[in-house]
Amino acid sequence: MLLWPGFVLCTLAIVYSGIRLSKYGDIIAEKTGLGRAWVGLVLMASVTSLPELVTGISSVTFAGVPDIAVGDVLGSCVFNIFIIALLDAAYRIMPISARAHQGNILSAAFGILLLSVIAASIFLNDHISALGWIGPYSIFFAVLYFIAIRLIYFYSKRQIAALIKEKAVELLRYQDISTKTAVVQYSLNAVIVIIAATFLPKIGAGIAETTGLGQTFVGNIFIAVSTSLPEVVVSFAAVKMDAVDLAVGNLFGSNIFNIFILALDDMFFVKGPLLASVNQNHIVSALSAIGMTAIAIIGLTYRAEKKPMFLAWDSVGIVVLYVINLMVLYMLK
């Protein structure tokens, strides 16, 4: 009986602090000159993905359920791209893919590369030699994550002329808030989001337990949606502030960070390579996330000026793939 009140309480805490988190993340991006795409990838994505980190480590160390850990990560990757379609529906001005900077394609492409390696590793698990107790793919995940951060940072710096122009316009909005204040407020609200969001997986698992669904389905759907709630709140708050790049960068960046989390989970899972110990049905989510990300890249590249409906065509494609993913996972449960 306490599950639903607990869920509501955590949700309210995340909604409140998530809105403030996006505001101060935007201020940090402006005042430091780092660029919204890079801040979305590093600052926002790492904080909003920490529930997946806590869930993954506890799943492989204490609970002994690696399917929950992998399902949480891949399900979150699918849901994060689905959030882009939700943002598009809420952003009435134009297709959100036309408003977001094309620099976000960098992090989206890195996401596709990492997800492809996951799908291949799960499929070929019997043919991949372990390095100690971890899979070699985990080292690849970690190295590529830091490469992605570095490349996106330097890409953002090359856009400095446009950023300075943007900063000159927006400085009036944030001139009364110092960089120190922004960092302190960002940190405080990040702590609140982390604490509240870490309770959601257990609450979601408790609610899902009564349904009798398998670990793969529960991890990909219930736990993934629960741990992705910070991304929902932060992204919608950022779009409301018209900081679209912060929102989109956060979602693509969260997917990269989520896969980096798999490398950490693999290190804590001492029974052997993590991806060799999970159900192959997870490939469905990996392929769905790849397809949805590819559609998002098409939208960011084509940059349609109008929406034929309340959703742009690329968002419609994302929604269709998301629904297909749910249906296939349910049939395979």
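## A buried serine

A residue counts as buried when its relative accessible area is under 20%. In this predicted model, Ser-288 has a relative accessible area of 11%, so Ser-288 is buried. Ser-288 belongs to helix H13, which covers residues 282–302. Apart from neighbours within four places in sequence, the contacts of Ser-288 are Val-78, Leu-321 and Asn-325.

## Helix H12

Helix H12 runs over residues 244–268 and has 25 residues. From the first C-alpha to the last, H12 reaches 36 Å, close to the 36 Å expected at 1.5 Å a residue. H12 is mostly covered, with 22 of its 25 residues buried.

## A nonpolar surface patch

Which residues make the nonpolar surface patch of about 420 Å²? The patch is made by Leu-131, Ile-139, Val-143, Ile-147 and Leu-151. One of these residues, Ile-139, is placed in helix H7, residues 136–158. Ile-139 has a relative accessible area of 43%, so Ile-139 is partly exposed.

An α-helix has 3.6 residues a turn, so residues three or four places apart point the same way.

## Confidence

The protein has a mean pLDDT of 83, and 88% of its residues reach 70 or more. Confidence is highest in H13, at a mean of 97, and lowest in helix H8 (residues 160–174), at a mean of 50. Over residues 167–172 the pLDDT falls below 50. This stretch has 6 contacts in the model beyond near neighbours in sequence. Where pLDDT is low, the predicted coordinates should not be read in detail.

Note on methods: Residues are numbered from 1 along each chain as its sequence is written. This is a predicted model: local features need pLDDT of at least 70, side-chain atom pairs count only at pLDDT 80 or more; totals for chains, interfaces and linings use all residues. Side-chain values use heavy atoms; hydrogens and water are left out. Helices (H or I, at least four residues) and strands (E, at least two) are DSSP runs, numbered from the N terminus. Buried means under 20% relative accessible area, exposed over 50%, partly exposed in between (1.4 Å probe, protein chains only). Contact means heavy atoms within 4.5 Å. The expected span of a helix is 1.5 Å times one less than its number of residues. pLDDT is the predictor's confidence in each residue, from 0 to 100. Patches are made of residues with over 30% relative accessible area and no salt bridge: like charges are joined within 9 Å, nonpolar side chains (Val, Leu, Ile, Met, Phe, Trp, Tyr) within 5 Å. Accessible areas come from the Shrake-Rupley method with a 1.4 Å probe; for residues, only the protein chains shown count as cover. A salt bridge is a side-chain nitrogen of Lys or Arg within 4 Å of a carboxyl oxygen of Asp or Glu.
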